[in-house]
Amino acid sequence: MSSIFDKIIFTGLNNLKVNTINTLDFQDCFGFTEDEVRETTEYYGISNRFPEMKEWYDEYLFGQKEIYNPWNIINFVSDARLDHNSLLQPYWSNTSSNDIIHELVVNGNEETHNQIEALMNGKSLTKPIYEDITYRNININTDYIWSFLLFTGYLKPIRLLKKNILTYAELVIPNVEVQTIYQTTIMQWFDETISYYDSKENYYHGFLSGLLVGFKGYDVKSNRESGDGRPDLLVLERKRYSKLKKTDTKRN
């Protein structure tokens, strides 16, 4: 015979209120506020370094409050109190494998690659935000990856808007430290997305591929079949290339 206690014990846990980075509750509890960072730098006599610290470690937004990464602040202050000219370091990124960015770059389609390039060039992306996202389903929907990057600190919202039942966010790279993560990981993409035909070719082919693929507004194709042959490298202006593809489609 079941009792009320059975129902309590075996009922799934529900009716929880979840506070995310977009809610106002506890918005100043997930890191250091700007006032706290200023006070810390003044206490240790390094207030002249505050503008650099803001550029490197600020720009996380919880609710409506700007928050500094506490791990970065603690480590930099620890170094700078002994040497006031100490260089700023990517303390947080050095504790992470950055597998999330790596997976996005390597497995993403051409549109995703173009969007990463736009972010690295200081532009923003507007994407729907899914607050119930989990790591195992980021590959189910292409848009899920952007929510995951937002909630793990690789992107930040600068504007939120509602469209029907969905919340959209205008997203940018938060600060200099995270920008360095994108820049270093993108180099891994150069190595891992080159055609399999390149495996037996010499060092210089890979070297040139890596240099050319960084050009803004251009796509680099390596050992792709074209016409009657297979050129080593194709450098295509994205704007002109897209127009040619549209023209060919209309002809067909």
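Author: The protein chain has 10 helices and 8 strands. Helices (H or I, at least four residues) and strands (E, at least two) are DSSP runs, numbered from the N terminus. The model is predicted, so local features need pLDDT of at least 70 and side-chain atom pairs count only at pLDDT 80 or more, while totals for chains, interfaces and linings use all residues. Residues are numbered from 1 along each chain as its sequence is written, and side-chain values use heavy atoms, with hydrogens and water left out.

Reader: Why is Lys 127 called buried?

Author: Buried means under 20% relative accessible area, exposed over 50%, and partly exposed in between (1.4 Å probe, protein chains only). Lys 127 has a relative accessible area of 10%, so Lys 127 is buried. This residue lies in strand β4, residues 125-129. In the protein chain, buried residues make up 38% of the 252 residues.

Reader: What is Lys 127 in contact with, leaving aside its neighbours within four places in sequence?

Author: Contact means heavy atoms within 4.5 Å. With those neighbours left aside, the partners of Lys 127 are Gln 115, Asp 143, Trp 146, Thr 167, Tyr 168, Ala 169 and Leu 171. For the protein chain, among contacts between residues at least 6 apart in sequence, 58% join residues at least 24 apart.

Reader: What makes Ile 46 buried?

Author: Its relative accessible area is 0%, and therefore Ile 46 counts as buried. Ile 46 sits in the loop between α2 (34-43) and α3 (50-57). Neighbours within four places aside, Ile 46 is in contact with Thr 41, Val 77, Ala 80 and His 84. Ile 46 and His 84 are 38 residues apart in sequence, with C-alpha atoms 6.5 Å apart in space.

Reader: How do you know that the buried residues of α3 line one face of the helix?

Author: The buried residues in α3 are Phe 50, Met 53, Trp 56 and Tyr 57. Seen down the helix axis, they fall within an arc of 125°, so they line one face of α3. The arc is that of the directions from the helix axis to the C-beta atoms. On the other side of α3, Pro 51 and Glu 55 are exposed.

Reader: Which residues of α4 are buried, and why are they placed on the same side?

Author: In helix α4 (residues 70-80), Asn 72, Ile 73, Phe 76, Val 77 and Ala 80 are buried. They cover an arc of only 120° around the axis, and therefore lie on the same side of α4.

Reader: How do you know that the side chain of Ser 147 reaches the backbone nitrogen of Tyr 130?

Author: A polar contact is a pair of N or O atoms within 3.5 Å; within protein, one must be able to donate a hydrogen and the other to accept it, and residues adjacent in sequence count only if both atoms are side-chain atoms. The side chain of Ser 147 comes to 3.0 Å from that nitrogen of Tyr 130. Ser 147 belongs to helix α7, residues 144-151. Because its relative accessible area is 0%, Ser 147 is buried.

Reader: What is found at the start of α4?

Author: There, a side-chain oxygen of Asn 69 reaches to within 3.0 Å of the backbone nitrogen of Trp 71.
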